[in-house]
Amino acid sequence: MKSYAMYRLPHGREIVRITQSTGLPEELQSYSELNGRSGFVFAPFCISQSCPVLLIKPDSTETMPAPECMDTNAPCVPQHTDDTQGRNVYAADFAAFHEALTRGEFDKLVLARSTQVEHAPSMQPEEMFMRACRLYPRMFVALVSTPQGGTWLMATPEILLSGDAPIYSTMALAGTMRLDDSQLSFDTPGHDSDTDSIVWDDKNTLEQEYVAAYMRERIAHFAYNISSKGPYTARAGRLVHLRTDFTFTLTDMHLLGDIIDSLHPTPAVCGIPKDEARRFIMTHESAGRGYYSGFSGPINPDGATRLFVSLRCMSIGERTCRLYAGGGLLRESDEQHEWEETECKMDTMRCVINNG
């Protein structure tokens, strides 16, 4: 089995395919080991022996035209199945997470879940990737396949670290709202101005403030000339998020692994404070995350780096896919509302599977 990655950048017009034809991707046991490295990175939420950081060596690199976008107003009808057991597990996890928030141990915690769905045996991963490219012009779409990590597809809106040395950017992405059918006309590529009319509630606004403050503080240890834009409303499929962009100059491009280690996992996928939240999640979250809520993309300290948080993703098997989604919890969070948010996020991949 050859290791490969295919990706299309947000609003991009070409697909890049990186293939490692000999040997296995290099396994790294820390994010800082990415210092000075280049290749395609596929990293987990939390490093373990079974989920190392994988670095795919580009033995060959091809580019091809990206498929034309679908009519973004066309209905997507994802097929939901009853998951009583999964619903009960989520409710128990929410109670444990919410209790820790209520006790004041955390400002924010992210609770994730997964569910398994069937797909047509004839539908191959590359076909799913092409459909995701057509469905989601605004997102980073990537298909990663390795013997160690399996095959994963994502269509994610969140940048972890992106730029051309020495100028980089990242974002604070927190707060989620589903668009109703009357708002779907907003999804004209490159045009977000109509979303200015969307009003955000206090819970989502506060969540965004927490994440933005955290990201600014982390960046300051490695960069200067820091500027920000936002928060503003950004579209991601049928969802919108609150987003703040940060642009900065890194002091040392060969320490990309160190800044990645400082930023990841962001509060958008973990919590505040980070280290304590990550330990709590690994102890109390019922669904193992694997490579969900990690990060992926090309890294090059002397050129272009495009790393994105692995959200709206699924692992692909021969007949089934495992879909992953999570949501940020505050003391003000409501369990039913948070469950529905994860369902909306899973619809991103359900539309790829069900309407292929």
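This tour moves through the structure stop by stop, naming what to select and what is found there. The model is a predicted one, in which local features need pLDDT of at least 70 and side-chain atom pairs count only at pLDDT 80 or more, while totals for chains, interfaces and linings use all residues. Residues are numbered from 1 along each chain as its sequence is written, and side-chain values use heavy atoms, with hydrogens and water left out.

**The nonpolar cores**

Begin by selecting Leu34, Val41, Phe248, Ile260 and Phe295, which have the most contacts inside the largest nonpolar core, a set of 72 residues. A nonpolar core here is a set of buried Ala, Val, Leu, Ile, Met, Phe, Trp, Tyr and Cys residues joined through side-chain atoms within 4.5 Å, where buried means under 20% relative accessible area, exposed over 50% and partly exposed in between, with a 1.4 Å probe and protein chains only.

Return next to Val41 and show its surroundings: leaving out residues up to four places away in sequence, Val41 touches Leu34, Val53, Leu54, Leu55, Phe295, Ser296, Gly297, Ile299 and Leu307, a contact being heavy atoms within 4.5 Å.

**An aromatic cluster**

Now select Phe42, Trp152, Tyr291, Tyr292 and Tyr324, which form one aromatic cluster. Rings of Phe, Tyr and Trp (its six-membered ring) pair if their centres lie within 6.5 Å, and planes under 30 degrees apart count as stacked, over 60 as edge-to-face and the rest as tilted. Keep Tyr292 and Tyr324 in view: their ring centres are 5.6 Å apart and their planes stand at 15 degrees, so this pair is stacked. The pair links distant parts of the chain, since Tyr292 sits in the loop between α5 (274-284) and β15 (295-299) and Tyr324 in strand β18, 32 residues apart. The helices (H or I, at least four residues) and strands (E, at least two) are DSSP runs, numbered from the N terminus. Both Tyr292 and Tyr324 are buried.

**Asn204 in helix α3**

As a last stop, select Asn204, which lies in helix α3. Asn204 has 4% relative accessibility and therefore counts as buried. Aside from its neighbours within four places in sequence, Asn204 is in contact with Ala174, Gly175, Thr176 and Leu242.
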